[in-house]
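Morning, everyone. Please bring up the model on your screens, and keep the sequence open beside it.

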2 protein chains.
Amino acid sequence: MKRYLLAALLAGVGATSVMAEDGYRLWLRYDRVESRETRSDYRGAVEAIVVQTPTGEASPTIDALKAELARGLDGLIGRDPTVHLVAGETRDDLGADGYALTNVTVDGDDAVRITANSDAGALYGAFALLRKMQLRESLDALDEVSVPKIDRRLLNHWDNLNRFVERGYAGFSLWEWNYLPDILSPRYTDYARALASVGLNGTVVTNVNANALVLTPEYLTKVKALADVFRPWGIRIYLTARFSAPMEIGGLETADPLDPAVQAWWDAKVAEIYEHIPDFGGFLVKANSEGQPGPWEYGRDHADGANLLAKPLAAAGRDGIVMWRAFVYAFEDTTDRVKQAYNQFVPLDGKFADNVLVQIKNGPLDFMPREAFSPLFGATPQTNQMVELQITQEYLGASIQLAYLGTMWEEVLDQDTYVAGEGSTIGKVVDGSLFNHPVSAIAGVANTGDDRNWTGHPLAQANWYAYGRLAWDHELGARDIATEWTGLTFDADEEASTQIVDLLMGSRETVVNYSMPLGLHHIMERGHHYGPGPWVTGGRADWTSPYYHQADEVGLGANRIASGTNAIEQYAPELQEQWGQLANVPDELLLWFHHVPWDYEMRSGRTLWNELALRYQQGVDEVRAMRATWADLRGGIDEERWDAVRQRLALQEKDAIEWRDACLLYFQQFSQRPLPEGVEAPAYDLQHYIDVDRRFFPGHPGDY
Amino acid sequence: MKRYLLAALLAGVGATSVMAEDGYRLWLRYDRVESRETRSDYRGAVEAIVVQTPTGEASPTIDALKAELARGLDGLIGRDPTVHLVAGETRDDLGADGYALTNVTVDGDDAVRITANSDAGALYGAFALLRKMQLRESLDALDEVSVPKIDRRLLNHWDNLNRFVERGYAGFSLWEWNYLPDILSPRYTDYARALASVGLNGTVVTNVNANALVLTPEYLTKVKALADVFRPWGIRIYLTARFSAPMEIGGLETADPLDPAVQAWWDAKVAEIYEHIPDFGGFLVKANSEGQPGPWEYGRDHADGANLLAKPLAAAGRDGIVMWRAFVYAFEDTTDRVKQAYNQFVPLDGKFADNVLVQIKNGPLDFMPREAFSPLFGATPQTNQMVELQITQEYLGASIQLAYLGTMWEEVLDQDTYVAGEGSTIGKVVDGSLFNHPVSAIAGVANTGDDRNWTGHPLAQANWYAYGRLAWDHELGARDIATEWTGLTFDADEEASTQIVDLLMGSRETVVNYSMPLGLHHIMERGHHYGPGPWVTGGRADWTSPYYHQADEVGLGANRIASGTNAIEQYAPELQEQWGQLANVPDELLLWFHHVPWDYEMRSGRTLWNELALRYQQGVDEVRAMRATWADLRGGIDEERWDAVRQRLALQEKDAIEWRDACLLYFQQFSQRPLPEGVEAPAYDLQHYIDVDRRFFPGHPGDY
């Protein structure tokens, strides 16, 4: 009935075709509150809105806040809000970016007061207020205080200047460099709104595989144009720094971090950047990693490299930071790849400048569907550490397969490292509280692109949202976030909402099941990383699959205990006890740490081979169940997004079957055992799967 | 008032953010008719709609027609139309695709009848009816018959399989090959609707610089998925054929067109294509041109090459055609480049199969802002000829600069070739009437991409529209089309509409004035073709600027009369008389045909140098006037598109100034004469303009 009414109303103004739910509005839809009673309640509660900051003064951020409230309240309850700016004392409990929401009266009218110590804090409060109304929460007896646990809450865009997005599956880069600074897409503002709405406050707009061109005067003018759009929304801009930039665009003969001319070049470059962008956030650097230049070329270490850039940033006194990636491994190094970052960075503890943060991927390998956490977390107490999560689904099915990552990140952030005793979670390492670091940061590799719906898969918006919410508060629950996002994103009744949330919650484990169950990892197709490739060999060993799965006639899995690479020794004793013992290790990490005989008896009572085969089958079955759920949901949400998801789930089932069949046929060469009952027979032989021309796959970057 | 009302209504349903006029709807907006009286008239006139075809039967195209009428009438007048299908006699006056609109009554109700000989014709009639209502034309006393003059009305997409669009300035390719055939963007349907709405009936979805991959089984499955979406809208799909495909994907050692194995390969490939796409339209081929492979490698000629592909298409009996491009020139050939196509193709007249058309660019060089027409038109009476127009603005400012091309195409299509006496216009060559050819076609190189508004510049939609309308009827006037498009595209009052139409009508000549006036050509920057480059030298001569402008101490311009390259001899005597004589040649083609002394006295009484300088200045002044007009229009159209155009016009002024200053400073080296009064002094010296790093320009393809 509601839908019908809407359609009828819109037909009258001829807007039907535009009203399609194409996903562009993300979680900021602000559609009219359908219940007259609730609308009336809300109108009564926000006769006015009081914004209280230490200055009580107007600013571009306050203008943005007002614009968002006007947009939101107009949509939700058809009201143009009256906003009063008042000055009030600084509140210690709110930190720099926190906010409080309370009920007050203004001239006898009911009002909501947003209290904050900064304009950005007030902006977050405004978004929180709108979120409550979008979720139909009561505005009576408001008593909410929310303060982010982490200072720098960043997106990392792996966007090249030619608009190709590395590991991007949602179209091309949002940044139309060719048209900047003269042409400003309205989308830049909507991007900034989306970030601010979940409390993100920074963005690295260029790829870690960096192009020095972005540091040229021509490009800095373009970057400035973006920064000017983002600034009112509390978003600071950061850039990736190519370590060899002094040579490539500076005309120097060297990029040696200890060379005075190199230091002078970076000093001048930082000063030049600040001229364009007074609130420039700093640099992100991938150095001596996968072909990127770095300090090693000059016999220097990562601290030398990071401090080179950190020095002029610190000297400028504008809170500029360097985020130096720990994703470092060398093919010349025959050490187990997952041990190398720890080996490199632990000896450097204490050598990094105060405004350097070492940016560590959640796992020691590379964003696998599941891996053990990086043992580097907490292992360098004198060094600022931050976590890098991957929102884009490089190894989890691109924007075709459904994988809600809130559950994965919850697993990571709640993981106990035991480095300072029980309760030393990664969340506490990253928020700086464990070792009392004054600067903290978190990064998420963006899944955004210029697809109309921003993220390709309509439900992948949930990952962007969840990342933002966890960046704000890493103790939030994945289910709560999924529930919130679903409420904001769809007009679904309670039953349908629960179905969607359940679907999201199980989805990542489903991908694990049909692709890399039981701790398997890095057995995907080379290059585009979409689809199975347990047979991938050739080239450097640590880019092949057998390096990781170690399948042989005896069994399967990477031996990382003492009898093997002993990667386990990099973890706290408590974890060595849990994970290093075959009897204790959870099924999920079994083949990550152990090479296990095919007939090993699992907790289920099944052999490893049978368990493995049944997990693959389970993954396929779960996708089928997801498809059935989604078919049920037809009519429960809008048709356009429903159909987009339907198409993707259909392809996901094909993909899951291919993963299952290809991997089981491949491993069967070693196990020499039949598939257990309950596992469907593959439709083709192994060679068929090996021969599939993967140039035509959805995840392929299209560089042919 | 109307705007306010709309906003108020929409606020009530919370759709403000989506109602933004982002240009996605093109000229198919179907917004509510604002006048109650007109709405009432329309409702009365279309109580029913009768669709009369020879069969009177339902079909996917009839379903598309009904869907479009439902969408349109719902939007315009809030009515769900009643459509009656009736069978009627074939009407000779309507051809294959024409339609008639008349008033009839059905059970006493007023109705409009659409009569056609095909379902596609009926669909065009439905769009015509909707267009009338969008333009607020009366539906009383309907008596309209409209029949296209050309059979195949095609878009050519220079879209690579990796989604990069060669010479595309509106984002990336619409075709998401990686996601086909499983994921179908709703945009494919809207694309087909847009084409059908102006009567286009075919699309070549791949680049003329072709990739043989598109002919692989994997890709044909993807192409089929697109063809299935397009078919109900009367759109046939065509592909570019890489001449060496039998070697690249077929495993043959040769692509020699006279080799039986090669013929067999193409025979089988055509059969395979028809299995996927029963209404496949045929091939477009660029061969032996700019590095593309072709029959010359084997000592064969273009007719041999074209007939190789034409044979299996003809044998299948499904109206498949080969469009063989005449854009052929060789750097080994020292003949004036503009003469080479004529020299190549005239001797082949009579050798091409009946289902081959030679596709000729309007000019003999390459889509310059203005050039003389290609003398090949009409020069091969036994050969089917079609024209290729360029909708995308490769040499006219990409999607930054405003250049309505309706005026240029009108100039081209109305141009008299005199090949069969006076009145032998290019339009009549192309529609087949001049030499009674049974097959006719026209191609326009698309300016579309995945930008939200399809064409980058909001007003560049007018070029897509104008191309479509002229493809239907090449005798339509450019101003009438501009007026129609403006009426469909904006909610502007009469004064504002006239301002917009005037702006469009003058815009191409403005680009000519500030970039290449008086018949200058090919003096743009190399590579991206955006901005001035009269100094461009190096590499093959016919890709340099001096080859064309021939500036020296004596004067300026290409000598193409008898004392020079004698390109003029390829034209009819009447044109040799007009253009070959300095006294007769119009200013617009002066430097195309003549090398003219700097002090030559022009019709204006000025010297060539002064005239040239003042034309450049005039171009700048005209852009400034356009900006002033546009500033005036604020509020007269929606803010979003107004602002997008405002930004582009501001950049266009900068560009125009650069063109003027760079070209005048460059030519001044030769003329050694001062700038006349009224021409602004350049801000920099020549070297500054030469040194500008054009990697950062809007028109740059971004391949760094």
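First, a term. A nonpolar core is a set of buried Ala, Val, Leu, Ile, Met, Phe, Trp, Tyr and Cys residues joined through side-chain atoms within 4.5 Å. Buried means under 20% relative accessible area, exposed means over 50%, and partly exposed lies in between, with a 1.4 Å probe and protein chains only.

Now the ground rules. This is a predicted model: local features need pLDDT of at least 70, side-chain atom pairs count only at pLDDT 80 or more, and totals for chains, interfaces and linings use all residues. Residues are numbered from 1 along each chain as its sequence is written, chains are lettered from A and ligands numbered from 1 in the order in which they are written, and side-chain values use heavy atoms, with hydrogens and water left out.

Let's start with the cores. Which residues touch the most other members of the largest nonpolar core? They are Phe230(A), Phe283(A) and Phe667(A), in a core of 217 residues. Its largest share, 11 residues, comes from helix H20 of chain A, residues 639-671. Helices here are DSSP runs of H or I with at least four residues, strands are runs of E with at least two, and both are numbered from the N terminus. There is also a second, separate core of 216 residues. Its members include Phe696(A), Tyr24(B), Ile235(B) and Met386(B).

Zoom in on Phe667(A). Contact means heavy atoms within 4.5 Å. Leaving aside neighbours within four places in sequence, Phe667(A) is in contact with, among them, Leu520(A), Pro534(A), Trp598(A), Trp609(A) and Tyr616(A).

Stay with H20(A). H20(A) has 33 residues, so it should span 48 Å; its end C-alpha atoms are 46 Å apart, which agrees. After H20(A) comes Gln672(A), with a positive phi near 55 degrees.

Next, what UniProt says about chain A. Its positions are in the numbering used here, feature names are shortened, and annotations may be inferred rather than shown by experiment. The unreviewed entry places "domain: Glycosyl hydrolase family 67 catalytic" at residues 133-454 of chain A. That span is 27% helix and 14% strand, and its end C-alpha atoms lie 24 Å apart. The unreviewed entry also places "domain: Glycosyl hydrolase family 67 C-terminal" at residues 455-679 of chain A. Over residues 455-679 of chain A, we get 53% helix and 2% strand, with the end C-alpha atoms 34 Å apart.

Now the barrel in chain A. Two strands pair if DSSP finds at least two bridges between them. How many strands make up the closed barrel? There are 8, running S6-S7-S8-S9-S10-S11-S12-S13, with parallel pairing. From one strand to the next, the twist averages 25 degrees. Axes are lines fitted to C-alpha atoms, for helices over the stretch in contact, and angles run from 0 to 180 degrees between N-to-C directions.

Find S8(A), residues 236-240, and S9(A), residues 282-285: they pair in the parallel sense over 3 bridges. Tyr238(A) stands opposite Gly282(A) in S9(A). S9(A) and S10(A) are parallel too, over 4 bridges. There, Leu284(A) stands opposite Met323(A) in S10(A).

Is strand S10(A), residues 321-325, mostly covered or mostly open? Mostly covered: 5 of its 5 residues are buried. Ile321(A), Met323(A) and Arg325(A) point one way, and Val322(A) and Trp324(A) the other way.

One lysine to look at. Lys339(A) sits in helix H10 of chain A, residues 337-345. Why is Lys339(A) called buried? Because its relative accessibility is 10%. Leaving aside neighbours within four places in sequence, Lys339(A) is in contact with Thr565(A), Asn566(A), Ala567(A), Glu569(A) and Gln570(A).

Last stop, chain B. An open sheet of 5 strands has the order S2-S1-S4-S3-S5, with mixed pairing. Its edge strands are S2(B), 83-87, and S5(B), 143-146, and each pairs on one side only. S3(B), residues 99-106, and S4(B), residues 109-116, pair in the antiparallel sense over 8 bridges. Asn103(B) stands opposite Val112(B) in S4(B). Helix H4 of chain B, residues 119-134, packs on the sheet and touches S1, S3, S4 and S5 of chain B.

That's the tour.

Technical notes. Expected span 1.5 Å × (residues − 1).
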